[in-house]
Amino acid sequence: MSTSIIKKGGIALIHEKLKAFPKEFLWGAASSAYQVEGAWNEDGKGLSIWDKFVRIPGKTFKGTTGDVAVDHYHRYKEDIALMAEMGLKAYRFSVAWTRIFPNGHGEVNQKGLDFYNRLIDELLKHNIEPILTIYHWDLPQALQDEYGGWESRKIVEDFKNYCVTLFKEFGDRVKYWVTLNEQNIFTRFGYQTAMHPPGLKDNRLFYQVNHHANLANAIAIQEFRKYVPDGKIGPSFAYSPAYAATSKPEDVLAAENAEEFASHWWLDVYAWGTYPKVAWEYLERQGMAPKVLESDVTLLKEGKPDFLGINYYQTTTFEKNPLDGVTMEGRFNNTGKRGTMEDTGIPGLFKTVANEYLEKTNWDWNIDPTGLRIALRRIADRYHLPVLITENGLGEYDKVENGTINDDYRIEYIRTHIKAVQEAITDGVEVLGYCVWSFTDLLSWLNGFQKRYGLVYVNQHEEGEHDLRRIKKKSFYWYKRVIESNGEDL
């Protein structure tokens, strides 16, 4: 792929001089258990919903699974040595629920706790701050079978007990915690589009499931205060700021609707414990509003986070969608063939449309560094909370040539996004840190190993035997310089 995918440009709303990044800024990288660990059935680990889902024909690219992934479970010391070589200040990883409770609840699996204790100690030995994500989509299959997982209120108590176990075990050393990763994605893809497990399309159930996840998030934060009083905790949200396609009032209204239904619906609950009024009224009229108990309202208000984690990849542009307009059924590009993504929407509310001013990746994701600055400012202005950028990165085809990977396109992507973060800091936004997605290449949930995000290449593919060798990409050395200079050398 040529470097022309990303346009170089100056700064809009120009500052004469940008503020330096804070001295304690967390320059990090991220991963998730299912996507890197492998060892899917070792040392007492139970089955997750993903372990089952990937075995359904046609669900993933060429039938790829996380059985081995990139074998981080056995190679974590090698990977952390590379992080230390890079000078990484923070590493965000997730705990696999089924390593701790193979059946979701009941007896604790000591070997699971032992693995994460070793991982955390190895990070601290190299002065790398651990950022622990409690839930990154890999629900225990046993809970799905027992009561429908997130479909039941029972999940809240089981999630609380799982969290408390982690707080007690790791809270003495881990001070940054993420509750739920991309609740808006795992609920939507699991219950609206059927692309993720449990593979259902049920709008009413989607909103109820999401409410249960909100309660789980709040109870985790409530319990955290008891066990890790000197730590910081917050959810991680996939934020895609809404743009209006034109200045036509109906398009501006469509973008407002999208911001309300696709972002405020989650962020307002995280920050304030309340659902946005316009969206709630609409869902009540449609008979889709979740059932909320009086005790839920109290709990949600008590679950205020210390920061909002933001996974930022792109902005989305919207226009008016008539009552007989497009639905959420449009095709999603999980092939890497540019131009195959279809527009989606909710009739009467909004519809997505291509933004002519933005280039796209091969997976049809918009490339918009300024959108990250806009995202940070919108969150700071509305919620008055610090932001931790928990994910940002570029998924592309990488080629090994003469033993090296020249991923200049990734360097340019990350460079322009870090610059946007610095602009937002200069604007007055409090940003705690920035985690590149991802440190090593990893399994992309639906895209196999062809869509690569890492600063470190892993020799892993869909077909044949591969040695899982780690190769530092050009971006590895570039990000090392960025960290060494605290963001001065971009």
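Let's start at Q192. Leaving out residues up to four places away in sequence, Q192 touches T187, L200, K201, N203 and F206. Keep in mind that this is a predicted model. Where does Q192 sit? Q192 is in the loop between α8 and α9. Buried or exposed? Q192 counts as buried, at 14% relative accessibility, because the cut-off for buried is under 20%. Now take Q192 and L205. In sequence they are 13 residues apart. In space they are 8.8 Å apart, C-alpha to C-alpha.

The peptide bond from P197 to P198 is cis, with omega near 5 degrees.

Now the two helices on either side. α8 covers residues 183–191, and α9 covers residues 203–227. Two packed helices are described by the angle between their axes and the distance between the axes. For α8 and α9, the angle is about 150 degrees and the axes are 9 Å apart. That makes α8 roughly antiparallel to α9. The crossing of α8 past α9 is right-handed.

Which residues meet? From α8, we have Q183, F186, T187, R188 and Y191. From α9, we have N203, L205, F206, V209, N210, A213 and N214. The residues of this contact split into six nonpolar, five polar and one charged.

Next, α11, residues 277–286. Which of its residues are buried? A279, Y282 and L283. Down the axis of α11, these buried residues fall within an arc of 95 degrees, so they line one face of the helix. An α-helix has 3.6 residues a turn, so residues three or four places apart point the same way. On the face of α11 turned away from the buried side, we find the exposed residues K277 and R285. What covers the buried residues of α11? The cover includes α9, α10 and β9. So α9 comes up again, because it is part of that cover.

Look at α10 against α11. Their axes come within 9 Å and cross at roughly 110 degrees. α10 and α11 are therefore roughly perpendicular to each other. This time the crossing is left-handed. E260, F261 and W265 in α10 meet K277, V278, A279, W280, Y282 and L283 in α11. That contact divides into seven nonpolar, no polar and two charged residues.

Over to helix α3, residues 72–86, which holds I80. I80 is buried, with a relative accessible area of 0%. What does I80 contact, leaving aside neighbours within four places in sequence? L119, E122, L123, H126 and I128. I80 and L119 are 39 residues apart in sequence, yet 8.6 Å apart in space, C-alpha to C-alpha.

Last, some backbone details. Another cis peptide bond runs from W437 to S438, with omega near 10 degrees. S438 lies in the loop between β14 and β15. H384 is not a glycine, but its phi is positive, near 55 degrees. H384 is in the loop between α13 and β13. H384 is exposed, with a relative accessible area of 66%. N402 also has a positive phi near 55 degrees, and is not a glycine. N402 is in the loop between β13 and α14. N402 is exposed, with a relative accessible area of 81%.

Key. Residues are numbered from 1 along each chain as its sequence is written. This is a predicted model: local features need pLDDT of at least 70, side-chain atom pairs count only at pLDDT 80 or more; totals for chains, interfaces and linings use all residues. Side-chain values use heavy atoms; hydrogens and water are left out. Axes are lines fitted to C-alpha atoms, for helices over the stretch in contact, and angles run from 0 to 180 degrees between N-to-C directions. Helices (H or I, at least four residues) and strands (E, at least two) are DSSP runs, numbered from the N terminus. Angles under 35 degrees count as roughly parallel, over 145 as roughly antiparallel, 65 to 115 as roughly perpendicular and the rest as oblique. A crossing is left-handed if the near helix is turned anticlockwise from the far one by less than a right angle, and right-handed if clockwise. Contact means heavy atoms within 4.5 Å. Ala, Val, Leu, Ile, Met, Phe, Trp, Tyr, Cys and Pro count as nonpolar, Asp, Glu, Lys and Arg as charged, and the others, Gly among them, as polar. Buried means under 20% relative accessible area, exposed over 50%, partly exposed in between (1.4 Å probe, protein chains only). The arc is that of the directions from the helix axis to the C-beta atoms.
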